[in-house]
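Trainee: I would like to go through the labels on this model and ask what each one rests on.
Mentor: Go ahead; we will take the labels in turn.

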Amino acid sequence: MRSITLEVMNTSGRPGEILRDWRHRSGLSQLALSTLTGVSARHLSFLETGRSTPSTAMVVHLSDHLDIPLRERNRILVAAGHAPLYSHHDLDDDALAAVRGQLSQMVRAVEPAPAVILDRHWNMVEANGAIGVLLDGCAADLLAAPVNVIRLALHPQGMAPRIVNLAEVRAHLIGQVRRRADRTGDPALDGLVGELSTYGGTGDADAQPGVADDAVVLPLRLTHRDGELRFFSTAAALTSARDVTISELTVETFHPADAHTREFLSRRAGSDTA
């Protein structure tokens, strides 16, 4: 069995400064956070200004209320002079084998619907055999690992030319990335937002969700030689994860949004197994 791999974390800044940044991202005042956590506003002020150093238990307590990711919790702990609390294994480590196996089973179980396992940057970790229906016509370089599904969807040489409601989908996806970037302060996500904005096409402000469409969820509408295909997606995460790597994985499934798409996927699955 391979040993735990703990990444070299950026510990710049005092633990209180990092906690304050996360409080600001959550839109909470010290008084509001005090009310939520039961920690006095005076003590929170001492922690944020460095007059007090948070204990491991305090970091966990505040992190739970601020919804701080495990990766960042470790960063705060190390900055405060404590040992990291959450393991960080490589994806192929034996310790993650059982969970990875269950996630792999999840994406296979939903076939013939396409499904993928994604990391925190929307890079594809694994996909089931049905994913090919979404990838038709995409440039080979966009399909080289690591495949970023947001880039793949919106790039002019990716799925974008086949997306009928590109303005809506573009606004939705860029909004997702921007919100996660704002929430986490992750520079890689900031860079992705900047890259996506260079692709051209209809801007966010021009998107008109719901126009001429009575769908109750935003569909992904794709042109296809057998007729337009419609999907809606769901994302599942392991909320009880205690490992950084596992906590950052999601399983996204593209369900058929109409009878035609459902029948198409069934026929396609049948021809693949024939």
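Trainee: What covers the buried residues of H5?
Mentor: This is a predicted model. In it, the cover over the buried residues of H5 includes helix H1 (15-25), H4 and helix H11 (244-247).

Trainee: Why is H5 called largely enclosed?
Mentor: Because 8 of the 10 residues of H5 are buried. A residue counts as buried when its relative accessible area is under 20%. Those that pass in H5 are Leu70, Arg71, Glu72, Arg73, Asn74, Arg75, Ile76 and Leu77.

Trainee: What makes H4 and H5 a packed pair, and at what angle do they pack?
Mentor: Two packed helices are described by the angle between their axes and the distance between the axes. For helix H4 (residues 56-66) and helix H5 (residues 70-79) the angle is about 150 degrees, and the axes are 10 Å apart. The crossing of H4 past H5 is right-handed.

Trainee: Which residues of H4 and H5 meet?
Mentor: From H4 there are Thr56, Val59, Val60, Ser63 and Asp64, and from H5 there are Arg73, Ile76 and Leu77.

Trainee: Where else is phi positive in a residue that is not a glycine?
Mentor: At tryptophan 122, with a phi of about 65 degrees. Tryptophan 122 is in the loop between E1 and strand E2 (124-127). Its relative accessibility is 6%, so tryptophan 122 counts as buried. There is also a glycine to list: glycine 81 follows H5 and has a positive phi, near 90 degrees.

Trainee: Which peptide bonds are called cis, and on what value of omega?
Mentor: One runs from glutamate 111 to proline 112, with omega near 20 degrees. Another runs from alanine 145 to proline 146, with omega near -5 degrees. Proline 112 is in the loop between helix H6 (97-109) and strand E1 (115-118), and proline 146 is in the loop between helix H7 (132-135) and helix H8 (149-154).

Trainee: How do you know whether threonine 261 is buried or exposed?
Mentor: The relative accessible area of threonine 261 is 0%, so threonine 261 is buried. It lies in helix H12 (residues 259-273). Beyond its neighbours within four places in sequence, threonine 261 is in contact with Glu228, Leu229, Arg230, Phe231 and Pro256.

Trainee: What label does alanine 236 get, and why?
Mentor: At 35% relative accessible area, alanine 236 is partly exposed, because that label covers values between the 20% and 50% cut-offs. Alanine 236 is in strand E4 (residues 229-237). Not counting residues up to four places away in sequence, it touches Met106, Leu249, Thr250 and Val251.

Trainee: What makes arginine 51 count as sitting over a ring?
Mentor: A charge sits over a ring if it is within 6 Å of the ring centre and within 35 degrees of the ring normal, so both tests must be passed. The charged end of arginine 51 sits over the ring of phenylalanine 46, 4.1 Å from its centre. Arginine 25 likewise lies over the face of tryptophan 22, at 4.8 Å from the ring centre.

Trainee: How many aromatic pairs are there by the rule used?
Mentor: The count is 0.

How values were computed: Residues numbered from 1 in each chain as written. Predicted model: local features only at pLDDT ≥ 70, side-chain atom pairs only at ≥ 80, totals over all residues. Heavy atoms only, no water. Phe/Tyr/Trp six-rings, centres within 6.5 Å; stacked < 30°, edge-to-face > 60°. Helix = DSSP H or I, 4+ residues; strand = E, 2+ residues; numbered from the N terminus. Buried < 20%, exposed > 50% of the residue type's maximum accessible area, 1.4 Å probe, protein only. Contact = heavy atoms within 4.5 Å. Axes fitted to C-alpha atoms, helices over the stretch in contact; angles between N-to-C directions. Left-handed = near helix turned anticlockwise from the far one by under 90°.
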